[in-house]
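Hi everyone, thanks for coming.

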Amino acid sequence: MEDSATPSSSMENPSPSTLRRPSSHLNLPPNMSRVALSIQTPSPSSSCHPDLTPPASSYHHPPASTTIYSDRFIPSRASSNFDLFNISPPSTSYANREDGSGAYSALLRTVLFGPDLHAPISPVTPEKLSGDWPGINGIHSPITPSRNIFRFKTESQRSSPYSVSPVGFDGTLPGVIPSPPKTPRKVPRSPYKVLDAPALQDDFYLNLVDWSSNNVLAVGLGNCVYLWNACSSKVTKLCDLGMDDGVCSVGWAQRGTHLAVGTTLGKVQIWDASRCRRVRTMEGHRMRVGALAWSSSLLSSGSRDKIIFQRDIRAQEDSVSKLTGHKSEVCGLKWSYDNRELASGGNDNRLFVWNQHSTQPVLKYCEHTAAVKAIAWSPHLHGLLASGGGTADRCIRFWNTTLNTHLSCMDTGSQVCNLVWSKNVNELVSTHGYSQNQIIVWRYPTMSKLATLTGHTFRVLYLAISPDGQTIVTGAGDETLRFWNVFPSPKSQNTDSEIGASSLGRTQIR
């Protein structure tokens with residue numbers, strides 16, 4: 001009972017004097033005899049730490065002279081205790097197992113704990129730097145790596161944020177054969193077909209070539225319009241406007257056989273190509289009509305008189321609305337794929353975006369420094385618009401019309417005449433004039449060049465894409481139409497286009 005009067009705080013916070021001199025009054029547990037605990041005073045030759053040897057069933061406190069490091073912990077998975085994860089430790093015999101479980105365990109270990117599993121990094125502590133650690137019973141022994149889950153180590157190289165691995169590790173994993181790099185798609189450098197197109201005008205502001213959904217190509221030559229059937233290679237003369245008028249633009253309706261023809265006198269004619277018959281003539285413009293764009297039954301026409309008319313071919317009136325804003329000739333018109341936005345480009349270096357009901361532009365872009373004829377909406381991303389500038393500009397710019405932001409700019413080095421997106425892959429084609437007269441296939445959004453096609457000797461002013469999205473046709477002032485296989489098919493990138501495949505060589509469109 002006398003032992004219970006001794007303050008218990010003396011054992012919870014022992015002093016060095018208490019450890020050196022045994023006391024006759026010790027507060028011991030009831031089940032522990034007084035002779036079971038022996039306190040030894042270290043000799044000068046032994047370690048500076050006393051050796052406490054309690055029974056297995058007893059409890060003891062660490063010596064007060066032992067330095068306890070309580071700095072923050074930096075976790076590391078290297079040299080972890082795999083038993084906690086039910087994973088066997090590394091073994092050299094796992095590769096010989098027939099069931100493959102050893103290879104799977106090695107792969108899982110490498111993914112979870114990194115590739116340096118067999119070279120664990122020991123803790124970096126002051127004792128580690130000195131090379132020794134006081135061991136049990138005063139014996140100095142080298143450090144052996146512990147098997148704890150968390151250990152001190154230097155920071156390893158972090159995985160790239162662009163890692164393609166689902167666990168963020170880009171190294172080579174054992175038992176995994178990396179796939180070979182994908183070879184870039186090869187684009188034929190030569191056209192598979194060339195058509196002579198006499199009297200094809202060398203005028204930047206005109207749009208004289210268009211390809212219908214029925215696989216029929218319309219070309220304006222002088223004061224006539226000719227149709228070329230891509231399936232049969234048959235050429236048909238659709239109309240002749242006479243000596244007093246000329247063809248400035250052609251545009252197929254999105255569906256059906258209706259073709260719109262813009263003339264030098266400012267008229268817009270609607271023709272039924274299946275019957276070679278004119279349906280109606282609409283007026284309103286005072287000068288030539290160089291740009292046409294369809295949106296279902298709505299037809300937009302842009303003119304040198306700076307005006308854009310919206311025409312509903314079902315209505316009796318020649319136009320339903322008049323769009324004003326450009327200060328010079330309108331030379332580019334394109335409806336978005338959802339038919340909600342109309343983009344217009346002009347010789348005033350402006351790019352405007354209109355909605356279905358506006359008579360004033362809802363978006364205005366003034367970054368181009370030359371005429372904007374080349375306009376193309378992306379079929380892959382809503383609101384993505386591409387535009388190209390003329391000789392003084394030479395740039396392709398990309399816009400997000402949903403957020404009204406300028407995304408990027410690419411200097412092509414030459415006049416940008418036309419743009420068209422691929423329907424099958426996220427790529428686009430640009431045609432150019434001064435000074436290289438080339439055709440470039442771009443991969444978006446990196447804008448890396450897949451191919452540069454040459455052959456035209458004049459500016460490549462006209463461009464259209466086939467209904468299957470694989471073939472483009474280009475026209476130039478050299479009075480030729482050239483057909484190129486530049487895009488893959490929707491199903492396979494190795495499938496050749498069927499358009500014109502059996503009719504190689506050079507023929508004449510009229």
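Predicted model: local features only at pLDDT ≥ 70, side-chain atom pairs only at ≥ 80, totals over all residues.

Let's start with the general idea. Side chains of opposite charge can pair when their charged atoms come close. I've picked a few of them to show you.

Please find R459 and D202. Their side chains meet in a salt bridge, at 3.3 Å from N to O. Where do the two partners sit? R459 is in the loop between β27 (448-453) and β28 (460-465), while D202 is in the loop between β3 (193-196) and β4 (209-211), so this pair ties together parts that are 257 residues apart in sequence. Are the partners buried or exposed? R459 is buried, because its relative accessible area is 10%, under the 20% cut-off. D202, with 35%, is partly exposed.

Now over to E329 and R304. These side chains also form a salt bridge, with 3.4 Å from N to O. Again the pair links distant parts of the chain: E329 belongs to the loop between β15 (321-323) and β16 (330-335), and R304 to the loop between β13 (298-303) and β14 (308-312), 25 residues apart. E329 is buried, at 5% relative accessible area, whereas R304 is partly exposed, at 36%.

And which residues make up the network around this pair? D203, R288, R304 and E329 are linked in a network of salt bridges.

One further pair for you: D312 and R314, whose side chains meet in a salt bridge at 3.1 Å from N to O. Here D312 is buried, with a relative accessibility of 15%, and R314 is exposed, with 66%.

Finally, let's turn to the surface. Which residues gather in a patch of positive charge there? They are R286, K306, K322, K327 and K364. Let me zoom in on K364. This lysine lies in strand β19, residues 363-365. K364 counts as exposed because its relative accessibility, 52%, is over the 50% cut-off.

To recap, we've seen a salt bridge between R459 and D202, a network that includes E329 and R304, and a positive patch on the surface with K364 as one of its members.

Definitions and conventions. Residues numbered from 1 in each chain as written. Heavy atoms only, no water. Patch = residues over 30% accessible without salt bridge, like charges linked within 9 Å, V, L, I, M, F, W, Y side chains within 5 Å. Areas by Shrake-Rupley, 256 points an atom, 1.4 Å probe, with all protein chains shown as cover. Salt bridge = Lys/Arg side-chain N within 4 Å of Asp/Glu carboxyl O. Lys, Arg positive; Asp, Glu negative; His and termini not counted. Charge placed at Lys NZ, Arg CZ, Asp CG, Glu CD. Helix = DSSP H or I, 4+ residues; strand = E, 2+ residues; numbered from the N terminus. Buried < 20%, exposed > 50% of the residue type's maximum accessible area, 1.4 Å probe, protein only.
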